Amino acid sequence: MPKTIFTTPVVRHLFYGLSVIILKLAGWKAIGNRDSIPDKAVFVAAPHTTNWDLPFALMLSFQLKLPIYWMGKASIFRFPFGPLMRWFGGIPVERNRSTNLIDGMIAQFDRTESLLLVIAPEGTRKNVGEWKSGFYHMAHGAKVPLVLGFVDYPNKQGGVGPLFYTTGDYNADLKEIKTFYQPFKGKH
């Protein structure tokens, strides 16, 4: 995986400090710690209801010292922001065509010693009835756990919840995962 702000000396410490200060001034609390997270995992990022989710997720990741990569729609990687988004750990996703993304990410997990990949299973900020299943299939195929990451705007908190190990029964596992997310509310 390419180098990111999370692996850039000096700058990562600066962003850690800025994140701690901004979150504190905004009244937000980071939940969880790095010690409970394995070197390889797929993070479920939910609920996803606003463009503010990405800055909060990045600040929470800095505060928790989690060197993440995240997936976002390809349009936010257009000039002039593309290089900056990639430096912040972004991986563009072409949502309107098949790119074998799941198989590619499973292979990436196999090739690397450390990869923390954040995916918003809703796939959009709009209210959706069903989550997209790619996050699940990546974790299951790569044999890595899901980390149940969250933001909760009314309580001004976010971070990482428990690890979840997939069983291969998507419907049963998804029901259990969504139970964890019931108390959390997005911005919209």
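Student: What makes up the order of elements in the protein chain from the N terminus on?
Tutor: In this predicted model, the elements run α-β-β-α-β-α-β-α-β-α-β-β-α from the N terminus on. That comes to six helices and seven strands.

Student: Why is the chain said to agree with a compact globule?
Tutor: A compact globule of 188 residues would have a radius of gyration near 16 Å, and the protein chain has 16 Å, so the value agrees. Along the principal axes, the C-alpha atoms fill a box of roughly 40 × 35 × 30 Å.

Student: Which residues of helix α5 are called buried, and what makes them so?
Tutor: In α5 (residues 134-142), they are Gly134, Phe135, Tyr136, Met138, Ala139 and Ala142. The term requires under 20% relative accessible area, so each of these residues falls below that cut-off. Across the protein chain, buried residues make up 43% of the 188 residues.

Student: Against which elements do the buried residues of α5 pack?
Tutor: They pack against β2, β3, α4, β5, β6 and α6. After α5 comes Lys143, with a positive phi near 60°.

Student: Why are Leu14, Leu18 and Ile22 called a nonpolar patch on the surface?
Tutor: Membership requires over 30% relative accessible area, and nonpolar side chains are joined within 5 Å; Leu14, Leu18 and Ile22 form such a patch, therefore they meet these cut-offs. Together they have about 260 Å² of accessible area. Leu14 lies in helix α1 (residues 11-26).

Note on methods: Residues are numbered from 1 along each chain as its sequence is written. This is a predicted model: local features need pLDDT of at least 70, side-chain atom pairs count only at pLDDT 80 or more; totals for chains, interfaces and linings use all residues. Side-chain values use heavy atoms; hydrogens and water are left out. Patches are made of residues with over 30% relative accessible area and no salt bridge: like charges are joined within 9 Å, nonpolar side chains (Val, Leu, Ile, Met, Phe, Trp, Tyr) within 5 Å. Accessible areas come from the Shrake-Rupley method with a 1.4 Å probe; for residues, only the protein chains shown count as cover. A salt bridge is a side-chain nitrogen of Lys or Arg within 4 Å of a carboxyl oxygen of Asp or Glu. Helices (H or I, at least four residues) and strands (E, at least two) are DSSP runs, numbered from the N terminus. Buried means under 20% relative accessible area, exposed over 50%, partly exposed in between (1.4 Å probe, protein chains only). Contact means heavy atoms within 4.5 Å. The radius of gyration is taken over C-alpha atoms; the globule rule is 2.2 Å times the number of residues to the power 0.38.
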